[in-house]
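Keep the structure open while reading.

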Amino acid sequence: MTDARLDLAEALAALPAWRADDGPREALVRRLVFADFNAAFGFMTRVALLADKMDHHPEWSNVYNRVDVLLTTHDADGVTRRDVEMARFIDQVAEAMGAGA
């Protein structure tokens, strides 16, 4: 069963550090900047553990100390509660690890 899509504006209102993707699909995006590559990779490892447990994986890229994250639910063709849950977790981990925007 597919998660139901959420209203993107409502999801963004609950996630002030996130923005809508500029591309053709409905998605949440955030850029995080860490002290160095080691911190960025550590962040990705922590998020990957939850993503695997949730069976809901972010699209992301890492260049040195920067991690760009995109969250969307492909089966729903947009943003769902799983994306919002993942974004909140990402926000918590990023804050705990001293990430900036």
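In this predicted model, helix H3 lies across strands E2 and E4. H3 runs at about 10° to E2. Helix H2 lies across E2, E3 and E4. The angle between H2 and E3 is about 160°.

**The sheet**

Four strands build an open sheet. Their order is E1-E2-E4-E3, and the pairing is antiparallel. E1 (19-20) and E3 are the edge strands, each pairing on one side only. As a general point, strands of a sheet pair through backbone hydrogen bonds, either parallel or antiparallel. The table lists the strand pairs with their bridges.

| Strand pair | Sense | Bridges |
|---|---|---|
| E1 and E2 (residues 28-33) | antiparallel | two bridges |
| E2 and E4 | antiparallel | six bridges |
| E3 (residues 59-63) and E4 (residues 66-71) | antiparallel | five bridges |

Arg19 stands opposite Val29 in E2. Leu28 has Leu71 in E4 as its bridge partner. Val63 is bridged to Arg66 in E4.

**The hairpin and two positive phi values**

E3 and E4 form a hairpin, with two residues between them. Tyr64 sits in that turn. Its phi is near 50°, a positive value in a residue other than glycine. Most residues other than glycine have a negative phi. Is Tyr64 buried or exposed? The relative accessibility of Tyr64 is 52%, so this residue counts as exposed; the cut-off for exposed is over 50%.

Asp77 also has a positive phi, near 60°, and is likewise not a glycine. Asp77 is placed in the loop between E4 and H3. With a relative accessibility of 58%, Asp77 counts as exposed.

**How the two helices meet**

The axes of H2 (residues 37-54) and H3 (residues 81-96) come within 10 Å. They cross at roughly 155°. Angles over 145 degrees count as roughly antiparallel, and H2 and H3 are therefore roughly antiparallel to each other. Their crossing is right-handed.

Which residues make the contact? From H2 come Phe43, Arg46, Val47, Leu50, Ala51 and Met54. From H3 come Arg82, Glu85, Met86, Phe89, Ile90, Val93 and Ala94. By class, the contact of H2 with H3 has 10 nonpolar residues and three charged ones, with no polar residues.

**A look at Met54**

Met54 lies in H2 and is one of the residues in the contact with H3. Leaving aside residues up to four places away in sequence, Met54 touches Arg82, Glu85 and Met86. Is Met54 buried or exposed? Its relative accessibility is 17%, so Met54 counts as buried; the cut-off for buried is under 20%. Arg5 is 49 residues away from Met54 along the chain, and the C-alpha atoms of the two are separated by 17 Å.

**Putting it together**

The open sheet runs in the order E1-E2-E4-E3. H2 lies across E2, E3 and E4, while H3 lies across E2 and E4.

Technical notes
Residues are numbered from 1 along each chain as its sequence is written. This is a predicted model: local features need pLDDT of at least 70, side-chain atom pairs count only at pLDDT 80 or more; totals for chains, interfaces and linings use all residues. Side-chain values use heavy atoms; hydrogens and water are left out. Axes are lines fitted to C-alpha atoms, for helices over the stretch in contact, and angles run from 0 to 180 degrees between N-to-C directions. Angles under 35 degrees count as roughly parallel, over 145 as roughly antiparallel, 65 to 115 as roughly perpendicular and the rest as oblique. A crossing is left-handed if the near helix is turned anticlockwise from the far one by less than a right angle, and right-handed if clockwise. Contact means heavy atoms within 4.5 Å. Ala, Val, Leu, Ile, Met, Phe, Trp, Tyr, Cys and Pro count as nonpolar, Asp, Glu, Lys and Arg as charged, and the others, Gly among them, as polar. Buried means under 20% relative accessible area, exposed over 50%, partly exposed in between (1.4 Å probe, protein chains only). Two strands pair if DSSP finds at least two bridges between them.
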